[in-house]
Amino acid sequence: MTDPTPPLVWSRPRPEPARRAPGVDQYVAAALAVADAEGLAAVSMRRVAGDLGSGTATLYRYLTNRDELLDLMVDAAQGEHPLPEPGADWRANLAAVAHALRASLLAHPWLLEGELTGRPSLGPHALRRSESALRAAVTLTPDIAAASRALGVVRAYVLGSVATQQAARSAERRTGLTEEQWQHSVGPYVRQVIAAGEHPLIARRIAETDEPDPEAEFAFGLACVLDGLATRTAR
């Protein structure tokens, strides 16, 4: 009985582009540019082909549908920040994994969208990154299941941290106000709240602390995650 499932985009041979026609890598690069500038919703087969002055039918010679284009985009993005070879320090190794993932997500915010984070990418760049991440994690523990769980914890922290940072950027775009401008606009109301004396800890927080720096906040949270992994593994 013939399997009705079409072969994955990774396992199909790529046809050679016609003379002067774009190849797959050019289509993927064009799609990345659209997604980075306008978001994932703006990426369509027609749009990407049009940006390269190509007919949509030409793009369909290489790819069956938009989902395959997204697969290639995700994989290309994961190839941009290769991990170094792990050393003896497991904390440094897992920190490198975290920082590489964060760099990818900040460069390509659309990678955080739910349809892309639900399942692992199986492209060549993604597989190499996963292998490198596991090599880093087994310096914490040789137990591959425990190492995999540790990576999951680190990944979850990075996703949450970057999502918070991206939410602030989205608020700026939506309101047209920078963080400083927004704080200035709500300043009178906040002063009224503090003067009322009903929220003393909020008042202390505003008076005694500076606005968090994203880099420092990320480093602090990552250190907490790694401390937790060290304690858990030691048990």
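Reader: What does contact mean here?

Author: Contact means heavy atoms within 4.5 Å. By that rule, Val 158 touches Ala 98, Leu 101, Arg 102, Leu 105 and Phe 218, leaving aside residues up to four places away in sequence. This is a predicted model, in which local features need pLDDT of at least 70 and side-chain atom pairs count only at pLDDT 80 or more, while totals for chains, interfaces and linings use all residues. Residues are numbered from 1 along each chain as its sequence is written, and side-chain values use heavy atoms, with hydrogens and water left out.

Reader: Where does Val 158 lie, and is Val 158 buried or exposed?

Author: Helices (H or I, at least four residues) and strands (E, at least two) are DSSP runs, numbered from the N terminus. Val 158 lies in helix H8, residues 144-175. Buried means under 20% relative accessible area, exposed over 50%, and partly exposed in between (1.4 Å probe, protein chains only). Val 158 has 0% relative accessibility and therefore counts as buried.

Reader: How many helices and strands does the chain have?

Author: The chain has eleven helices and zero strands. As for burial, 32% of the 235 residues of the chain count as buried.

Reader: How is a pair of aromatic rings described?

Author: Such a pair is described by the distance of the centres and the angle of the planes. Rings of Phe, Tyr and Trp (its six-membered ring) pair if their centres lie within 6.5 Å; planes under 30 degrees apart count as stacked, over 60 as edge-to-face and the rest as tilted. The structure holds two aromatic pairs. In one of them, the ring centres of Tyr 27 and Tyr 62 are 5.9 Å apart and the planes stand at 55°, so the pair is tilted.

Reader: Which parts does the pair of Tyr 27 and Tyr 62 tie together?

Author: Tyr 27 belongs to helix H1 (residues 24-38) and Tyr 62 to the loop between helix H3 (56-60) and helix H4 (66-78), so the pair ties together parts that are 35 residues apart in sequence. Tyr 27 is buried, at a relative accessible area of 1%, and Tyr 62 is buried at 7%.

Reader: What does the radius of gyration say about the chain?

Author: The radius is taken over C-alpha atoms, and the globule rule is 2.2 Å times the number of residues to the power 0.38. A compact globule of 235 residues would come near 18 Å, but the chain has 23 Å. Along the principal axes, the C-alpha atoms fill a box of roughly 70 × 50 × 35 Å.
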